[in-house]
Amino acid sequence: MLLTRNVADLKKGESAVIKSFNDRDMSLKLLEMGCLPGCEVRLDAVAPFGDPICVRVGGCYCLSLRRNEAASIVVE
Amino acid sequence: MKPAPRKIALIGNPNSGKSTLFNQLTGLRQKTGNFPGVTVEKKTGTLRFSVSADDSASGDTLTLAEATLIDLPGIYSIYPKSRDEQVAVDILANPQHSDHPDAVVVVADASNLQRNLLLFTQIADLGLPTVLALNMLDVADSMKLKVNAVQLAMQLQVPVVKINARTGEGIDRLREAIQSVKMTDSLVSAYFLDPAEKQLDIIQAVKKEYQLDNNYLALQYICQHDSFTFLNQGQREQLDGLIAKHNFDKTDFLAYETITRYERLRPLVQKAVTTQGDSEQPAWTRRLDRVLLHPFWGYVAFLFVLLIIFQAVFAWAEYPMDWIDQATANAIQWTKYALPQGVLNDMLTDGLMAGIGGVIIFIPQIAFLFGLVGLLEESGYMARVMVIMDKLMRKFGLNGRSVVPLISGVACAVPAIMTTRSINNPYERLLTILVTPLMSCSARLPIYTILIALVVPDEAVLGILNLQGLVLLGLYLLGLIGALGSAWLFSIFVPRREPSYFILEMPTYKWPRWSHLGITMYDSVKSFVLEAGKIIVAISIILWVLASYGPGDSMERAEEQTLQEMANAAPQVREAAVASAQLETSYAGRFGKFIEPAIAPLGYDWKIGIALITSFAAREVFVGTMSTIYSIGGEASEDAVTIRERLQKERNPQTGGPMYTPAVSFSLLMFYVFAMMCMSTLAIVYRETHGWKWPMVQLVYTMVLAYVSAWATFQLLS
């Protein structure tokens, strides 16, 4: 595996576990909205033209975010 | 002496059902205003309690029959991400603030309890008396989650009430809980997370300096002093000094705080919530999303929704608008003859009543539009529209959330600008407000129709398409291109203050509550009539004065002279000629003559100049003014054909040819596509941006755009 993978790299329907964040300011926002390290995320849907994307966090609720925002979430 | 009613703040995550609960608790007893000093809408309402005699005996509980309920902007945490959210925190952290609550009701979505409780623990740590309202238990139920409220209340040490904000279930128990909340001091016995655990020195220093007794509040001084309105510059610099001295890293600490709060919440939530099987969002939400977010079917569904909105605003709203129009005309007519003739009568009828009529005519469109937009919002579909449109809108400096106002702008810019409130980034909201009036609204339709009919032949193109219809469609497209292009232009020149982000929680689909839609419609109509209405009426009266009076006795002389000249004409023709001559000599007429040199390059004469000025009240006035100026009968005729015939006959005094050549007509069309000829829109922009700066920028910008395009069109075609 090369380097790290982030949520924007996920394929539709693929799940991963949040490891860390690479953007400090964005990470605060995401943490507050419930994206915690150790939480499972699944890429649920991709908007037309590939952006924004919808991810399911912790199996229970859905967040929509832009690709560059999703790229700040590093997954295992 | 009766003490002032207690203030209760309602707070919670976006999509937690907070607004629904607010409506449920206050009904129609609400007021929409602004938080002092900031441009954030504030909703307050009266909360009624049923008081029994022995209740009112005890001293330290809420025993008043009424309390003021304040709806604070939805937030995920106490650290704000937009200026709307700042207001909430500014109020909570400042006991001197006029809206500082005596107690807080935290609304939590039970289907996502851990995240919703994050905010709750922060509010509780601030030392505010708190009641926890557990909402959306039905959603939790469908996700096979069982929430034990008693367990939760014991662990959190606060009253916990299970409610269903949509059906009203549990609302009475919530009222009782609010009523009996202990109004003790803000001393916290046990912090959920004590910032002094990690940052003892700086917390101690700040507490001593500002005489605070709450560690968490002291932390807020450290983290948020730049946005707290109650601190002055000296205090901010002093706090900056403390931060530097103690090497405090804000981002690190906030990340630590959030993660630790979640860690401490996890066992607590695990105890109170029992999972029965696999928890997932309701299956139908996932199924609907598969269609509504689909790259193809998503857009088809969106277009279908658009069609229904257009149908409602153009076709269905027409009937009530016709009734209002007719009723206003009848009322004016009746008043005119019922009261003694004179200046007062004219001012009352032609000025004031016509002005009020111009306001209330918008009510059906506003009600329909807000009802439908509210329906889309309540059902959860709006979030999906924003998702599928975000990428496109972003290219122009806008946000997925800008779609709704732009669509609504085709009906009327006034309600459209009111819907920009849902855009939480202030910069993108401003951009949207600035360009929405460029969308061709329904008031431009009569002007388009008349001028197109004048110069575009009514013939078929390619066998099936009508040339006039194509030109009309072209004008609407031009408006859309103008709006998006201008947004792009503004985004280059207006500096962006906050970074754009689009993290949005996707709510589950829900059936809307009709009573809440009713309240939304009522509320938007009320605030439009009261706020924008005042300004529109004032301008109408000013315009009436300008069109009815001239300097000195010029009006009388114009009347006499015309009467002499036309002594042999039929009384009706004579009356019309008098009206026309008087208009020419009135202040408005003089102003038309005055601006003639400025509009001559566009191909217009002073008569069109008057129409340009009067149509500033509202574009539809253009047709009425034209008919007055070209004096078809004594009063404005609604018969477009006659106006058209008259316009066709109008000669250009210099060339002797027809006045309304294709060059002049297309120049006028261009002008009306871009020009912001609408008092109501300026008034609403003033109201929504809280100042004259942006309405003026918008006015000048659209006028320049209109002037240049009209000039270029005229020069190219003539």
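Among the contacts in chain A between residues at least 6 apart in sequence, 51% join residues at least 24 apart, a figure that, like every other one here, belongs to a predicted model. The secondary structure of chain A comprises two helices and six strands, and when these are read along the sequence they follow the pattern β-β-α-β-β-β-α-β. The radius of gyration of chain A is 11 Å, close to the 11 Å that the globule rule gives for 76 residues, so chain A is as compact as a globular protein of that length. Taken along the principal axes, the C-alpha atoms of chain A fill a box of roughly 30 × 30 × 20 Å, and 53% of the 76 residues of chain A count as buried.

The strands of chain A lead on to a sheet that involves both chains. Seven strands form this open sheet, in the order 1(A)-6(A)-2(A)-3(A)-4(A)-5(A)-12(B), and their pairing is antiparallel. At the edges stand strand 1 (5-6) of chain A and strand 12 (504-506) of chain B, each with a single partner strand, so one side of each is left without a neighbour in the sheet. Within chain A, strand 2 (residues 15-21) and strand 6 (residues 73-75) pair in the antiparallel sense over three bridges, and A:F21 has A:I73 in strand 6 of chain A as its bridge partner. Where the sheet passes from one chain to the other, strand 5 of chain A and strand 12 of chain B run antiparallel and are joined by three bridges; here the bridge partner of A:S64 is B:L504, in strand 12 of chain B.

A helix of chain B also meets this part of the sheet. Helix 16 (residues 381-394) of chain B lies across strand 4 (53-57) and strand 5 (61-65) of chain A together with strand 12 of chain B, and it runs at about 125° to strand 12 of chain B.

Turning to the contact between the two chains as a whole, 34 residues of chain B are in contact with 26 residues of chain A. On the side of chain B that touches chain A, the elements giving two or more residues are helix 3 (113-125), helix 10 (250-272), helix 12 (297-316), helix 16 and strand 12 of chain B. Helix 10 of chain B gives the most to this side, with six residues, and the residues of the side of chain B that touches chain A divide into 19 nonpolar, eight polar and seven charged.

Chain B also has packing of its own to follow. Helix 7 (residues 196-210) and helix 8 (residues 215-224) of chain B pack at an angle of about 80°, with their axes 9 Å apart, and these two helices of chain B are therefore roughly perpendicular to each other. Helix 7 of chain B makes this contact through B:A196, B:I202, B:I203, B:V206, B:K207 and B:Y210, while helix 8 of chain B brings B:N215, B:A218, B:L219, B:Y221 and B:I222. The residues of this contact divide into nine nonpolar, one polar and one charged.

Further along chain B, helix 19 (residues 426-435) is mostly covered, with nine of its 10 residues buried. Among the buried residues of helix 19 of chain B are B:Y427, B:E428, B:R429 and B:V435. What covers the buried residues of helix 19 includes helix 17 (403-408), helix 18 (413-418), helix 21 (467-493), helix 30 (679-689) and helix 31 (693-717) of chain B.

Definitions and conventions: Residues are numbered from 1 along each chain as its sequence is written. Chains are lettered from A and ligands numbered from 1 in the order in which they are written. This is a predicted model: local features need pLDDT of at least 70, side-chain atom pairs count only at pLDDT 80 or more; totals for chains, interfaces and linings use all residues. Axes are lines fitted to C-alpha atoms, for helices over the stretch in contact, and angles run from 0 to 180 degrees between N-to-C directions. Helices (H or I, at least four residues) and strands (E, at least two) are DSSP runs, numbered from the N terminus. Angles under 35 degrees count as roughly parallel, over 145 as roughly antiparallel, 65 to 115 as roughly perpendicular and the rest as oblique. Two residues are in contact if their C-beta atoms, placed from the backbone, lie within 7 Å. Ala, Val, Leu, Ile, Met, Phe, Trp, Tyr, Cys and Pro count as nonpolar, Asp, Glu, Lys and Arg as charged, and the others, Gly among them, as polar. The radius of gyration is taken over C-alpha atoms; the globule rule is 2.2 Å times the number of residues to the power 0.38. A residue is buried if 20 or more other C-beta atoms lie within 10 Å of its own, exposed if 12 or fewer, and partly exposed in between; C-beta atoms are placed from the backbone. Two strands pair if DSSP finds at least two bridges between them.
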